[in-house]
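Subject: Structure for your files

Hello,

Here is the structure we talked about. My notes on it follow below.

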Amino acid sequence: MPDNNRKPQLSRPAQLLHELGMPSSLSGYRFLEFAITTIAEQPHLLKNLDRGLYPRIARKFDSTNGRVEKNIRCAIERTWLRGNSALIHEIFGYSVNPQQGRPSNAEFLCAVVDYLNR
C-alpha cells in the first residue's frame, strides 16, 4: 500500500531556498527556484537579468519583468534578515558587503548557483 503521507521531493534549488529560511509562500521563492534551475543550464542569462532571465520567468508565471524583479528582491531581503544565518554565511561568506545590506538579485543568484555546483 503506498504511503500517502510522504512529502513530495524538493528540487535541489527548492531545498536550498527552504534551508535558507525562505518562505515557500512567496512568489519570489517560485521565481528563484526556476531562475536557479535555468541559470544552472544557461549561465549566460546571469549577464543580463532584465533582458534574458526576467522575461523568461515572467512568461512562465504569467507575470511582468517588474514584478519578477521585485518579488525576487523581496524574497532575498526577507531571507537575508530572518533566514538561516549560518547557511547564509556559508554560501556568501565575505563576498557581500554587510554595510550595503542584502546582496543584489544577481549576486544572490550567482552565489547560490556556485554553491549548488560545489
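The accessible surface of the protein chain is about 7,600 Å² (Shrake-Rupley method, 1.4 Å probe; for residues, only the protein chains shown count as cover), and carbon and sulfur atoms hold 47% of that surface.

This is a predicted model: local features need pLDDT of at least 70, side-chain atom pairs count only at pLDDT 80 or more, and totals for chains, interfaces and linings use all residues. Residues are numbered from 1 along each chain as its sequence is written, and side-chain values use heavy atoms, with hydrogens and water left out.

Overall make-up. The protein chain has six helices and zero strands; these are DSSP runs, H or I of at least four residues for helices and E of at least two for strands, numbered from the N terminus. Of its 118 residues, 35% are buried (under 20% relative accessible area; exposed is over 50%, partly exposed in between; 1.4 Å probe, protein chains only). Among contacts (heavy atoms within 4.5 Å) with a separation of 6 or more, 59% join residues 24 or more positions apart.

Leaving aside residues up to four places away in sequence, Leu20 touches Thr79, Gly83, Asn84, Leu87, Ile88, Ile91 and Phe108.

Helices α1 and α5. The axes of α1 (residues 12-20) and α5 (residues 85-92) come within 8 Å and cross at roughly 125° (lines fitted to C-alpha atoms over the stretch in contact, with angles from 0 to 180 degrees between N-to-C directions). That makes α1 oblique to α5 (under 35 degrees is roughly parallel, over 145 roughly antiparallel, 65 to 115 roughly perpendicular, the rest oblique). Leu16, Glu19 and Leu20 of α1 meet Leu87, Ile88 and Ile91 of α5.

Buried residues in α3 are Leu49, Gly52, Leu53, Tyr54, Pro55, Ile57 and Ala58, and their cover includes α2, α4 and α6. Asp62 lies in the loop between α3 and α4. Asp62 has a positive phi of about 50° although it is not a glycine. Asp62 is exposed, with a relative accessible area of 72%.

Regards
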